[in-house]
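Okay everyone, thanks for coming. Have a look at the picture on the screen, and I'll walk you through a few spots in it.

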Amino acid sequence: MSTLILFLPPRTRLRAQSRSALADDPGGGYAFVLTADGQTVSRQGHSAAALLPAAATVIAVPAEADIAWKRVDLPRAGRQMRSALAGLLEESLLDDPESLHFAVEPGRVGGDTAWVAITARAALMQHLALLEAAQVFVDRIAPLSVPSEQPQGHFHAAGNAEDQVELRWSHLGGVANLPLDGALTRQLLPDALLQNAVWTATPAVAAQAEQWLGSAVAVTTDEQRALAVIDSPWNLRQFELAQRTRGLRTVRQAFRQFMQPDWRPVRVGLAALLAVQVLGLNLLAWRQNQQLQTSKAALSRTLTDSYPHVRAVLDAPLQMQRETESLRASAGRPGDQDLEALLAAAANAWPAERGPAEALSFEPGRLILPATGWSEAQIAQFRSQLQSEGWQLDSAEDRLTLSRPPAKTSTGTAS
């Protein structure tokens, strides 16, 4: 599933501070990385919002210097968590809490100790609005660096000056940008901590980083480093920036969520269940077909055993009925289609208040009587009596037609 990673440019007031080279473009627009598998970069570049490549998932990455971190004991505030955080952090914030956006560490609830990411709300909302106007819908906002138990250090160029190197330091105590000039960073980071950290550096500053550190560092580009946000559990789209989707966007969002790696066991389970259902239906259909063929074969054997002169079996029940009728006729016995049977049925059901029939007409299988003088009640009584004996009566155009109901036939196969 393709993923588009967008790098939000730093806020204007922080332009003089450290920033990723990916986000530095005075022409505007967004630097991006496109990956098809989440492991390798398929395409990268810089583009206006309307010209960004399409992808199944879109992740926005704020500039690292735009995010501050605070570790707090989360209040038990439920849906009022955002307001509670603003009141809790108000004294430690330099800006008005109402102008800031808060995001709580994933998996933490009221009563837990958790990290809270803090950034300017207006800037994020402006970028989201601009992107949505260009039909680019951001699924997540994920930071590049987050506090972690495993200390991590990333060396990168400070702004556009490759001779000035900064260290992006992430550990249990938070995230910070530290300059390599002077002795301050050495004092803040003891040797024991430096030895246990994971170190990376961009290619342009790798030599300077190794010289300062005194050991080798893993070289990684900003694009490769950005791929890590795909598996990051962090999402800054919380509270007032939480996604509100409707209609087709809701379906698309649900599908994207379903295609995430965390849902892979569910997808595999559903696929296995569907396969079992299809297999079961096919087995049931095969079994029913076998039973049907067995029944047809039994009927065919009964026909050929009873009437050996029949060679081709096309419709065993119908052929058996015809052969039986032929034998009956040969024996001189009346059948349901003969006048005698029809007259007997009419006589048995004839209303007592009716006199003899004035006239009648016979066709093979049908006895037609005039309906002149019959009341609706008499016709209904006559029909009901005939139906109880297995006959049917049709009334139309002042005449009554008595006959046997048409027999249901089945379609057979030649053998």
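Let's begin with a question: are Phe 155 and Trp 199 buried or exposed? Both of them are buried. Keep in mind as we go that this is a predicted model.

So, aromatic rings. The count of aromatic pairs here comes to seven. Phe 155 and Trp 199 make one that is stacked, with 5.5 Å centre to centre and 25 degrees between the planes. Now look at where the two sit: Phe 155 is in strand β9, residues 152-158, while Trp 199 is in strand β12, residues 198-201, so this pair ties together parts that are 44 residues apart in sequence.

Next up is a tilted pair, Trp 374 with Phe 382, at 5.3 Å centre to centre and 35 degrees between the planes. Trp 374 is buried, and Phe 382 is too.

Here's another ring to find: Trp 391. Over its face lies Arg 404, at 3.8 Å from the ring centre.

Last stop, His 127. You'll find His 127 in helix α2, which covers residues 121-133. Why do we call His 127 buried? Because its relative accessible area is 17%, and the cut-off for buried is under 20%. And what does His 127 touch, leaving out residues up to four places away in sequence? That would be Leu 8, Pro 9 and Tyr 30.

That's my tour, thanks!

Definitions and conventions: Residues are numbered from 1 along each chain as its sequence is written. This is a predicted model: local features need pLDDT of at least 70, side-chain atom pairs count only at pLDDT 80 or more; totals for chains, interfaces and linings use all residues. Side-chain values use heavy atoms; hydrogens and water are left out. Helices (H or I, at least four residues) and strands (E, at least two) are DSSP runs, numbered from the N terminus. Buried means under 20% relative accessible area, exposed over 50%, partly exposed in between (1.4 Å probe, protein chains only). Contact means heavy atoms within 4.5 Å. Rings of Phe, Tyr and Trp (its six-membered ring) pair if their centres lie within 6.5 Å; planes under 30 degrees apart count as stacked, over 60 as edge-to-face and the rest as tilted. A charge sits over a ring if NZ of Lys or CZ of Arg is within 6 Å of the ring centre and within 35 degrees of the ring normal.
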